[in-house]
Amino acid sequence: MRRGAQLELRTFSTMFDDLLALSDWLQAKGVTHVAMESTGVYWKPIFNILEGAFEVLLVNAKHIKFVPGRKTDVKDAQWIAELLQHGLLKASFIPPAPQREFRELVRYRTHLIDERTREANRVHKVLEDANLKLASVASDILGVSGRAMLAAIIVGQDDPAALTQLAKARLRTGRLSGRVQPRQGNRLGGERSGP
(Lines give C-alpha, C1' and ligand atoms only; values in the text may rest on other atoms or scores of the structure.)
Protein backbone atom coordinates (compact mmCIF):
# COMPACT_ATOMS: atom_id res chain seq x y z
CA MET A 1 0.00 0.00 0.00
CA ARG A 2 1.29 3.50 -0.76
CA ARG A 3 1.77 5.79 2.18
CA GLY A 4 -1.12 8.24 2.46
CA ALA A 5 -3.07 6.45 -0.26
CA GLN A 6 -6.82 6.22 -0.10
CA LEU A 7 -8.03 2.73 0.68
CA GLU A 8 -9.43 0.89 -2.33
CA LEU A 9 -10.95 -2.56 -1.90
CA ARG A 10 -10.94 -5.31 -4.48
CA THR A 11 -11.41 -9.06 -4.05
CA PHE A 12 -9.31 -11.75 -5.77
CA SER A 13 -9.59 -15.51 -5.56
CA THR A 14 -6.54 -17.59 -4.68
CA MET A 15 -6.38 -19.30 -8.09
CA PHE A 16 -3.01 -18.83 -9.80
CA ASP A 17 -4.28 -16.56 -12.60
CA ASP A 18 -6.15 -14.40 -10.09
CA LEU A 19 -3.05 -14.06 -7.93
CA LEU A 20 -1.12 -12.88 -10.99
CA ALA A 21 -3.96 -10.40 -11.64
CA LEU A 22 -3.65 -9.25 -8.01
CA SER A 23 0.06 -8.63 -8.48
CA ASP A 24 -0.55 -6.70 -11.72
CA TRP A 25 -3.28 -4.62 -10.07
CA LEU A 26 -1.09 -3.75 -7.10
CA GLN A 27 1.77 -2.74 -9.41
CA ALA A 28 -0.58 -0.63 -11.53
CA LYS A 29 -1.71 1.17 -8.36
CA GLY A 30 1.88 1.94 -7.39
CA VAL A 31 1.82 -0.24 -4.29
CA THR A 32 5.23 -0.98 -2.79
CA HIS A 33 4.33 -2.77 0.47
CA VAL A 34 1.85 -5.59 1.08
CA ALA A 35 0.84 -6.99 4.46
CA MET A 36 -1.10 -10.16 5.20
CA GLU A 37 -2.00 -12.39 8.11
CA SER A 38 -0.18 -15.68 8.58
CA THR A 39 -3.18 -17.99 8.72
CA GLY A 40 -2.30 -21.66 8.33
CA VAL A 41 -0.75 -22.29 4.92
CA TYR A 42 -3.17 -20.01 3.06
CA TRP A 43 -0.67 -17.16 2.91
CA LYS A 44 1.97 -19.17 1.05
CA PRO A 45 0.64 -19.02 -2.53
CA ILE A 46 0.01 -15.28 -2.22
CA PHE A 47 3.40 -14.65 -0.63
CA ASN A 48 5.15 -16.69 -3.33
CA ILE A 49 3.56 -14.61 -6.11
CA LEU A 50 4.14 -11.21 -4.48
CA GLU A 51 7.52 -11.59 -2.79
CA GLY A 52 9.64 -10.62 -5.80
CA ALA A 53 7.67 -7.52 -6.74
CA PHE A 54 6.77 -6.00 -3.35
CA GLU A 55 7.98 -5.61 0.20
CA VAL A 56 5.74 -8.29 1.70
CA LEU A 57 5.08 -8.37 5.43
CA LEU A 58 3.66 -11.56 6.86
CA VAL A 59 2.12 -10.63 10.20
CA ASN A 60 1.26 -12.90 13.10
CA ALA A 61 -2.55 -12.83 13.35
CA LYS A 62 -2.61 -12.65 17.15
CA HIS A 63 -0.60 -9.42 17.08
CA ILE A 64 -3.32 -7.60 15.14
CA LYS A 65 -6.54 -9.26 16.30
CA PHE A 66 -7.09 -7.37 19.54
CA VAL A 67 -9.38 -4.74 18.07
CA PRO A 68 -13.10 -5.10 18.90
CA GLY A 69 -15.79 -5.03 16.26
CA ARG A 70 -13.82 -6.51 13.34
CA LYS A 71 -15.69 -9.63 12.30
CA THR A 72 -15.12 -9.99 8.55
CA ASP A 73 -12.17 -10.60 6.24
CA VAL A 74 -12.83 -7.25 4.54
CA LYS A 75 -12.65 -5.41 7.87
CA ASP A 76 -9.51 -7.38 8.74
CA ALA A 77 -7.95 -6.34 5.43
CA GLN A 78 -8.86 -2.69 6.04
CA TRP A 79 -7.37 -2.81 9.52
CA ILE A 80 -4.15 -4.43 8.32
CA ALA A 81 -3.86 -1.83 5.54
CA GLU A 82 -4.32 0.98 8.07
CA LEU A 83 -1.70 -0.48 10.40
CA LEU A 84 0.69 -0.88 7.46
CA GLN A 85 0.17 2.74 6.40
CA HIS A 86 1.17 3.90 9.86
CA GLY A 87 4.18 1.57 10.10
CA LEU A 88 2.70 -0.35 13.02
CA LEU A 89 3.23 -3.88 11.74
CA LYS A 90 6.12 -6.16 12.60
CA ALA A 91 6.85 -8.74 9.93
CA SER A 92 7.37 -12.38 10.81
CA PHE A 93 10.65 -13.93 9.73
CA ILE A 94 10.31 -15.71 6.39
CA PRO A 95 13.42 -17.56 5.21
CA PRO A 96 14.60 -17.00 1.63
CA ALA A 97 12.93 -19.12 -1.08
CA PRO A 98 15.79 -21.66 -1.44
CA GLN A 99 15.73 -22.32 2.30
CA ARG A 100 11.91 -22.68 2.28
CA GLU A 101 12.15 -25.15 -0.61
CA PHE A 102 14.84 -27.14 1.21
CA ARG A 103 12.72 -27.22 4.39
CA GLU A 104 9.74 -28.50 2.39
CA LEU A 105 11.87 -31.23 0.84
CA VAL A 106 13.25 -32.29 4.23
CA ARG A 107 9.76 -32.32 5.77
CA TYR A 108 8.42 -34.40 2.89
CA ARG A 109 11.31 -36.88 3.17
CA THR A 110 10.70 -37.15 6.92
CA HIS A 111 7.01 -37.80 6.23
CA LEU A 112 7.89 -40.59 3.76
CA ILE A 113 10.28 -42.21 6.25
CA ASP A 114 7.59 -42.03 8.95
CA GLU A 115 5.05 -43.62 6.59
CA ARG A 116 7.50 -46.41 5.72
CA THR A 117 8.13 -47.05 9.42
CA ARG A 118 4.38 -47.17 10.15
CA GLU A 119 3.88 -49.64 7.30
CA ALA A 120 6.76 -51.84 8.50
CA ASN A 121 5.28 -51.82 12.02
CA ARG A 122 1.87 -52.80 10.61
CA VAL A 123 3.44 -55.71 8.71
CA HIS A 124 5.32 -56.78 11.87
CA LYS A 125 2.04 -56.78 13.80
CA VAL A 126 0.26 -58.93 11.21
CA LEU A 127 3.16 -61.39 11.21
CA GLU A 128 3.23 -61.47 15.02
CA ASP A 129 -0.49 -62.32 14.99
CA ALA A 130 0.44 -65.34 12.87
CA ASN A 131 3.33 -66.25 15.23
CA LEU A 132 5.58 -65.76 12.23
CA LYS A 133 8.96 -64.33 13.24
CA LEU A 134 10.08 -63.16 9.82
CA ALA A 135 12.71 -60.97 11.45
CA SER A 136 14.47 -64.15 12.63
CA VAL A 137 15.59 -64.88 9.05
CA ALA A 138 15.47 -61.41 7.48
CA SER A 139 16.78 -58.45 9.43
CA ASP A 140 14.77 -56.05 7.28
CA ILE A 141 11.33 -57.44 6.55
CA LEU A 142 10.91 -54.82 3.81
CA GLY A 143 14.30 -55.65 2.28
CA VAL A 144 14.78 -57.99 -0.70
CA SER A 145 14.47 -61.22 1.29
CA GLY A 146 11.63 -59.94 3.46
CA ARG A 147 9.63 -58.73 0.44
CA ALA A 148 10.10 -62.08 -1.32
CA MET A 149 8.75 -63.89 1.73
CA LEU A 150 5.87 -61.44 2.13
CA ALA A 151 4.94 -61.87 -1.53
CA ALA A 152 4.88 -65.64 -1.06
CA ILE A 153 2.71 -65.31 2.07
CA ILE A 154 0.28 -63.04 0.21
CA VAL A 155 -0.26 -65.62 -2.56
CA GLY A 156 -0.88 -68.35 -0.03
CA GLN A 157 2.49 -69.91 0.81
CA ASP A 158 2.37 -70.94 4.46
CA ASP A 159 5.15 -73.54 4.64
CA PRO A 160 7.84 -72.05 6.91
CA ALA A 161 10.60 -74.11 5.30
CA ALA A 162 9.65 -72.86 1.83
CA LEU A 163 9.49 -69.30 3.09
CA THR A 164 12.90 -69.61 4.73
CA GLN A 165 14.38 -70.74 1.40
CA LEU A 166 13.41 -67.37 -0.11
CA ALA A 167 15.91 -65.61 2.15
CA LYS A 168 19.31 -64.75 0.78
CA ALA A 169 21.94 -67.42 1.59
CA ARG A 170 23.60 -65.40 4.33
CA LEU A 171 20.25 -64.82 6.04
CA ARG A 172 19.15 -68.47 6.19
CA THR A 173 20.58 -69.00 9.66
CA GLY A 174 17.29 -68.60 11.52
CA ARG A 175 14.36 -70.97 11.52
CA LEU A 176 10.98 -69.64 10.49
CA SER A 177 7.84 -71.05 12.04
CA GLY A 178 4.24 -69.96 12.42
CA ARG A 179 0.81 -70.29 10.88
CA VAL A 180 -0.57 -67.72 8.45
CA GLN A 181 -4.35 -67.53 8.27
CA PRO A 182 -6.04 -66.28 5.08
CA ARG A 183 -7.16 -63.09 6.85
CA GLN A 184 -3.53 -62.34 7.73
CA GLY A 185 -2.34 -62.88 4.17
CA ASN A 186 -5.12 -60.53 3.06
CA ARG A 187 -3.99 -57.89 5.56
CA LEU A 188 -0.50 -58.06 4.08
CA GLY A 189 -1.84 -56.93 0.74
CA GLY A 190 -3.48 -59.66 -1.29
CA GLU A 191 -6.49 -61.90 -1.59
CA ARG A 192 -5.70 -65.54 -0.90
CA SER A 193 -7.56 -68.55 -2.10
CA GLY A 194 -7.87 -71.81 -0.24
CA PRO A 195 -7.98 -72.57 3.49
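The model is predicted, so local features are reported only at pLDDT of at least 70 and side-chain atom pairs only at pLDDT 80 or more, whereas totals for chains, interfaces and linings use all residues. Residues are numbered from 1 along each chain as its sequence is written, and side-chain values rest on heavy atoms, with hydrogens and water left out.

Seven helices and two strands are found in the protein chain; these are DSSP runs, with helices being H or I of at least four residues and strands E of at least two, numbered from the N terminus. Along the sequence, the elements follow the pattern α-β-α-β-α-α-α-α-α. Of the 195 residues, 32% are buried, where buried means under 20% relative accessible area, exposed means over 50%, and partly exposed lies in between (1.4 Å probe, protein chains only). The chain exposes about 12900 Å², and carbon and sulfur atoms supply 54% of that area; accessible areas come from the Shrake-Rupley method with a 1.4 Å probe, and for residues only the protein chains shown count as cover.

Strand β1 is mostly covered, with four of its five residues buried. Strand β2 is largely enclosed by the rest of the structure, because four of its five residues are buried. As a reminder for readers tracing side chains, those in a regular strand alternate between the two faces of the sheet.

Buried positions also occur in the helices. Ser23 lies in helix α1 and is buried, at a relative accessible area of 7%. Beyond its neighbours within four places in sequence, Ser23 is in contact with Ile49, Leu50 and Phe54. Ser23 and Leu50 are 27 residues apart in sequence, and their C-alpha atoms are 6.3 Å apart in space. Further along, helix α5 (residues 144-154) has Ser145, Gly146, Met149, Leu150, Ala152, Ile153 and Ile154 as its buried residues. After α5 comes Gly156, which has a positive phi near 115 degrees.

Arg100 brings burial and charge together. This residue sits in helix α4 (residues 97-129) and is buried, with a relative accessible area of 15%. Leaving aside neighbours within four places in sequence, Arg100 is in contact with Phe47, Asn48, Glu51, Ile94 and Pro95. The side chains of Arg100 and Glu51 meet in a salt bridge (2.6 Å, N to O). This pair links distant parts of the chain, since Arg100 is in helix α4 whereas Glu51 lies in the loop between α2 (43-50) and β2, 49 residues away. Glu51 is partly exposed, at 30% relative accessible area.

The whole structure holds six salt bridges, each defined by a side-chain nitrogen of Lys or Arg within 4 Å of a carboxyl oxygen of Asp or Glu. Another of them joins the side chains of Glu115 and Arg118 (2.5 Å, N to O). These two residues are separated by about one helical turn because they are three residues apart in helix α4. Glu115 is partly exposed at 36% relative accessibility, and Arg118 is partly exposed at 48%. The side chains of Asp129 and Lys125 also meet in a salt bridge (3.7 Å, N to O), with both residues in helix α4 and four residues apart, about one turn of the helix. Asp129 is partly exposed, with a relative accessible area of 37%. An α-helix has 3.6 residues a turn, so residues three or four places apart point the same way.

Finally, Leu7, Leu9 and Val74 make a nonpolar surface patch of about 250 Å². Patches are made of residues with over 30% relative accessible area and no salt bridge, with like charges joined within 9 Å and nonpolar side chains (Val, Leu, Ile, Met, Phe, Trp, Tyr) within 5 Å. Leu7 is found in the segment before α1 (16-28) and is partly exposed, with a relative accessible area of 38%.

Terms used. Contact = heavy atoms within 4.5 Å.
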